[in-house]
Amino acid sequence: MPHLKYFGSNLFIENSSIVNLTKKNKTPFYVYSENQIKENYLKLARSFKNSNPLICFATKANTNTSIIKILGKLGAGADVVSGGELLKALKAGIKPNRIVFSGVGKTEEELKMAIQKKILLINIESESEARLLNKIGEKINKKISVGFRLNPDVDAKTNKKISTGKSENKFGISIKNFYVIYKNRKKFKNLKIDALSVHIGSQILSDTPYKKTLNVLLKVVNNLKIKLKHIDLGGGFGISYERKNKEINLNKYAKLVHNFKQKLNCNIIFEPGRSLVGNSGILVSKIQYIKKGPKKYFIILDAGMNDFMRTALYEAKHEIIPVNKVSKKNFGALEFVGPICESTCKFTSYKNYQKISEGDFVAITNAGAYGSSLSSNYNTRPLIAEILITKNKFKIIRKRQDLLKLINA
Ligand SMILES: *Cc1c(COP(=O)(O)O)cnc(C)c1O
């Protein structure tokens with residue numbers, strides 16, 4: 001997280017002190033760096049410049065309107081997976097003709113909303129969905145521009161809980177089934193097949209699975225001699241959560257994509273989520289209690305798995321760093337845990353750590369993607385605040401949920 005650093009012993013995001021934020025805001029809360037988000041987008045756009053793609057931010061990574069707005073102003077579109085996300089993207093000012101809609105279970109209501117709002121592309125994920133969409137098209141006497149999401153049966157070599165492109169995953173349509181649908185396309189008179197899409201998984205750190213996917217797509221297009229307006233290559237670019245993570249070589253992949261685009265002569269769409277916002281945010285939390293266990297200390301935070309679920313859900317690793325750094329490194333073995341009544345409500349463990357005390361603040365790092373957007377009211381806890389830093393200024397971009405409102409809802 002380049003915009004997260006210590007000045008002296010104090011943790012800062014851009015030119016704002018985190019200690020200062022803890023004095024003015026109740027913990028836990030999320031903090032994001034506006035400049036980090038911008039740099040991430042511009043870096044991605046620069047890497048793929050030759051293919052001039054439409055970069056659709058996968059809003060499920062972070063659904064905060066202010067964050068979608070920052071990306072929209074730089075030229076990003078949106079990739080949405082529900083009617084709610086579609087409305088959020090529109091509210092954030094994303095133009096409908098820059099929105100793509102994916103998901104295996106879109107309802108009739110959601111499909112109608114997507115048509116009515118005139119979005120760029122609905123990516124169909126099953127024959128049944130194609131039938132429903134065709135029926136809607138018949139009723140309104142319109143030909144609907146659609147894409148088909150293919151399941152290329154490629155192993156993204158990532159955590160199996162975030163792998164989506166293998167035949168055993170529920171996502172997309174197998175190549176074989178797509179061939180059948182395409183052969184029978186006369187049955188779908190009110191659909192216009194303008195695109196093919198893929199999304200093989202998340203936190204992908206090698207270009208090999210992407211390369212395999214491009215080859216599958218080329219083969220399909222060549223076999224069917226199909227003329228497409230767009231190819232949607234999905235997202236999934238991995239980020240560096242731990243120092244030992246190597247980052248994906250985007251320049252190498254960009255060359256492959258450029259080559260691919262020249263062969264097919266169509267627009268390229270990407271759907272990145274994590275790589276745009278993951279390293280832009282931290283979750284700041286207070287140490288509520290320190291409990292000595294037989295083998296290690298339990299550092300009990302005021303943030304729980306309802307606020308940040310990635311460790312419980314995916315066993316994801318997130319470094320936890322002190323807001324106030326001291327040189328004494330003699331605490332011994334400890335595990336950061338949360339207050340929720342579940343054994344999986346725990347975060348990172350360390351064999352040794354600096355001296356910390358009850359009441360100190362720490363930051364869970366790289367929490368900008370799939371952090372806030374995955375949070376819940378479990379254990380009847382209010383959703384926490386989200387704060388955006390721009391240089392030395394901070395702005396609350398989501399207020400902490402009012403506990404009484406939650407109780408009376
Ligand atoms: C989640 C998702 C993405 C974004 O994935 P990242 O790993 O965050 O880049 C893109 N496309 C679809 C269809 C998704 O479901």
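Guide: A disulfide is a pair of cysteine sulfur atoms within 2.5 Å, and a search of the whole structure finds zero of them. The sulfur of cysteine 341 has its closest cysteine sulfur in cysteine 345, at 8.6 Å, which is too far for a bond. Cysteine 341 is exposed at 66% relative accessibility, whereas cysteine 345 is buried at 3% (buried means under 20% relative accessible area, exposed over 50%, and partly exposed in between, with a 1.4 Å probe and protein chains only).

This is a predicted model, in which local features need pLDDT of at least 70 and side-chain atom pairs count only at pLDDT 80 or more, while totals for chains, interfaces and linings use all residues. Residues are numbered from 1 along each chain as its sequence is written, and side-chain values use heavy atoms, with hydrogens and water left out.

The structure holds 13 salt bridges, each a side-chain nitrogen of Lys or Arg within 4 Å of a carboxyl oxygen of Asp or Glu. One of them joins glutamate 34 to lysine 38, with 3.3 Å between the closest N and O atoms; the two residues stand four apart in helix H2 (residues 34-47), about one helical turn (helices are DSSP runs of H or I, at least four residues, and strands runs of E, at least two, numbered from the N terminus). Glutamate 34 is buried at 14%, and lysine 38 is partly exposed at 28%.

Aspartate 207 and lysine 252 form another salt bridge, at 3.7 Å. Aspartate 207 lies in the loop between strand S11 (191-197) and helix H8 (208-224) and lysine 252 in helix H9 (residues 250-264), so this pair ties together parts 45 residues apart in sequence.
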